[in-house]
Amino acid sequence: MCGIIGVVGKRPVNQLLYDGLLVLQHRGQDAAGIVTCDGNTFFMHKNNGLVQDVFQTRHMRNLQGNAGIAHVRYPTAGSSSAAEAQPFYVNSPFGIVLGHNGNLTNSEQLKQEMFRQDLRHINTSSDSEVLLNVLAHEIEQTALNSVLDTDMIFEAVAGVHRRCKGAYAVVAMVANFGLLAFRDPNGIRPLVIGKHESADGVEYIVASESVALDVLGFKLVRDVAPGEAIFVDMDGNFYSRQCAKNAKLNPCIFEYVYLARPDSVIDGISVYQTRLLMGESLAEKIHREWRHLDIDVVIPIPDTSRPSALQLANALNLTYREGFIKNRYIGRTFIMPGQALRKKSVRQKLNPIGMEFKDKNVLLVDDSIVRGTTSRQIVQMARDAGANQVYFASASPPVRFPNVYGIDMPSRDELLATGRTDEEIRLEIGADALIYQDLDALVHDVRLSNPAIEDFDCSCFDGNYVTGDINETYLARIEAARSDGANPDKPANSSTQMDLNLVSSEEHEEEAA
């Protein structure tokens, strides 16, 4: 899970990129990076940490140029080494930088092709570096010592689509040429286009979510279509082309359940509206199948489930209360590496308001149940606060399968719902009743805002992987790499080798001194 931004402007873009990353911080808290372009020179700064910690004034001052890309990362492939923070850079055949959201499902095969056929060296274990080198090789093959033009860029992206499998939303820059963005043929991960009419001309932006456009003062134009590539040259001229055969939109449904900010619109669908509808559907199920429950109060698990819980309470004419106070200085427990850290962070993150629980039958509403660690502790916290009965509702269906398209969902052994009935799950989390959303209802709620979308990637719920290349061998391999019992990450290496055409902010500062 990552957040990406690319801008071609009429003014320095360093502050725009920084502010955009702050808005997309929820998509990745492990590392952050910005690359700007001024003529033939890239200026880069990236490191592990939150955006506000990675970038200081001295770094921002040295990120020069009117175009650039930026990235926030949570690793689902590779290690957490600072050397794997994005964007990545290659200098052949042209200076190219790239940031990527998603996961290549055939990255191991591509690495072998890079070494044996393309004669390219991969420095890290990141699939994003693989993707960058595939793009660079395809550009090299289409250009063939010619003057690079937009047709060649689009032909190269078509080559990327032929070779790469999985999910990928990409922003890239070619030095002194322009900004490239493209989306995989299934459109699994989101990517939107915006523009701003300035006094000096039109500025363009691409980003993972529309909320970044809102905050930066850009107008949402549309989503990048599945398989489409868009290119904006350094003068601000906009080009687009469909570069994949048989492209079909299959967006990840978990974006709407949990990942995206509620104020975003993705593929024509309001995330907030979707979560309201999820609450209505859950209320219908409770009214239909769980009318015997004597519910005194509905309490959300902050923050993602609030719209669903509020709409559920309204639909059932129940009292809605905020029962947990959240410490906003603790990161998302879902994406925290290590089970021990997740367990510790739940108690640090949430504290119950005793008066909302004491002597009441409480319905807790959460967006999903993944490992069950958070759910189990929250149920116990409600009991400790004096609740008589604790019912638990999930606004999404049981998560039974790993996500292979860029979300760090663990091995099936660590997913609470895998191999368990609803009753067994209820006993595991210690609730007096457990209500799950139905998958058909969830799909209906998400599709309602954009009926043109026929299918979604629901693989974490139903095990149907839309790319068609996932088998048991692949799942076993990624589960071994992702599980909490896997080997620790490689030692961090904060130094990244730069070619002469790429200047890091620290290097530029030293040169200026």
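In this predicted model, Cys-458 counts as buried, with a relative accessibility of 5%. Burial is defined here as a relative accessible area under 20%, so the value for Cys-458 falls within that class. What is the closest cysteine sulfur to that of Cys-458? It belongs to Cys-460, at 7.6 Å, which is too far for a bond. A disulfide is a covalent bond between the sulfur atoms of two cysteines. The cut-off applied to the sulfur pair is 2.5 Å, and a search of the whole structure finds 0 disulfides. Another cysteine, Cys-2, is also buried, with a relative accessible area of 7%.

Ser-208 is placed in the loop between strand 10 (201–207) and helix 7 (210–216). Is this serine buried or exposed? Ser-208 is buried, because its relative accessible area is 0%.

Strand 10 itself contains Glu-203. This glutamate is buried, with a relative accessible area of 1%. Which polar partners does its side chain have? The side chain of Glu-203 makes a polar contact of 2.8 Å with the side chain of Arg-11, and a polar atom of the Glu-203 side chain lies 2.9 Å from the backbone nitrogen of Lys-10. When residues up to four places away in sequence are not counted, Glu-203 touches Val-8, Gly-9, Lys-10, Arg-11, Gly-194, Lys-195, His-196, Ser-198 and Phe-218. Between Glu-203 and Asn-66 there are 137 residues in sequence, yet their C-alpha atoms are 9.7 Å apart in space.

In it, 6 strands are arranged in the order 5-6-7-8-12-13, forming an open sheet with antiparallel pairing. Strand 5 (88–90) and strand 13 (238–242) are at the edges; each has a single partner strand, so one side of each is left without a neighbour in the sheet. On average, and with direction ignored, neighbouring strands of this sheet are turned by 20° against each other. Within the sheet, strand 7 (residues 166–174) and strand 8 (residues 178–183) run antiparallel and are joined by 6 bridges. Ala-172 stands opposite Leu-180 in strand 8.

The largest has 37 residues, among which Ile-253, Phe-254, Val-404, Phe-456 and Phe-461 touch the most other members. Helix 8 (254–259), helix 9 (271–289), helix 14 (439–447), helix 15 (459–462) and helix 16 (472–482) each supply at least two residues of this core. Helix 8 provides the largest share, 5 residues. Phe-456 touches Asn-250, Pro-251, Ile-253, Tyr-256, Ile-269, Val-443, Val-446, Arg-447 and Val-466, residues up to four places away in sequence not being counted. A second, separate core of 35 residues includes Met-114, Ile-122, Leu-135 and Ile-139.

Definitions and conventions: Residues are numbered from 1 along each chain as its sequence is written. This is a predicted model: local features need pLDDT of at least 70, side-chain atom pairs count only at pLDDT 80 or more; totals for chains, interfaces and linings use all residues. Side-chain values use heavy atoms; hydrogens and water are left out. Two strands pair if DSSP finds at least two bridges between them. Helices (H or I, at least four residues) and strands (E, at least two) are DSSP runs, numbered from the N terminus. Axes are lines fitted to C-alpha atoms, for helices over the stretch in contact, and angles run from 0 to 180 degrees between N-to-C directions. Buried means under 20% relative accessible area, exposed over 50%, partly exposed in between (1.4 Å probe, protein chains only). Contact means heavy atoms within 4.5 Å. A polar contact is a pair of N or O atoms within 3.5 Å; within protein, one must be able to donate a hydrogen and the other to accept it, and residues adjacent in sequence count only if both atoms are side-chain atoms. A nonpolar core is a set of buried Ala, Val, Leu, Ile, Met, Phe, Trp, Tyr and Cys residues joined through side-chain atoms within 4.5 Å.
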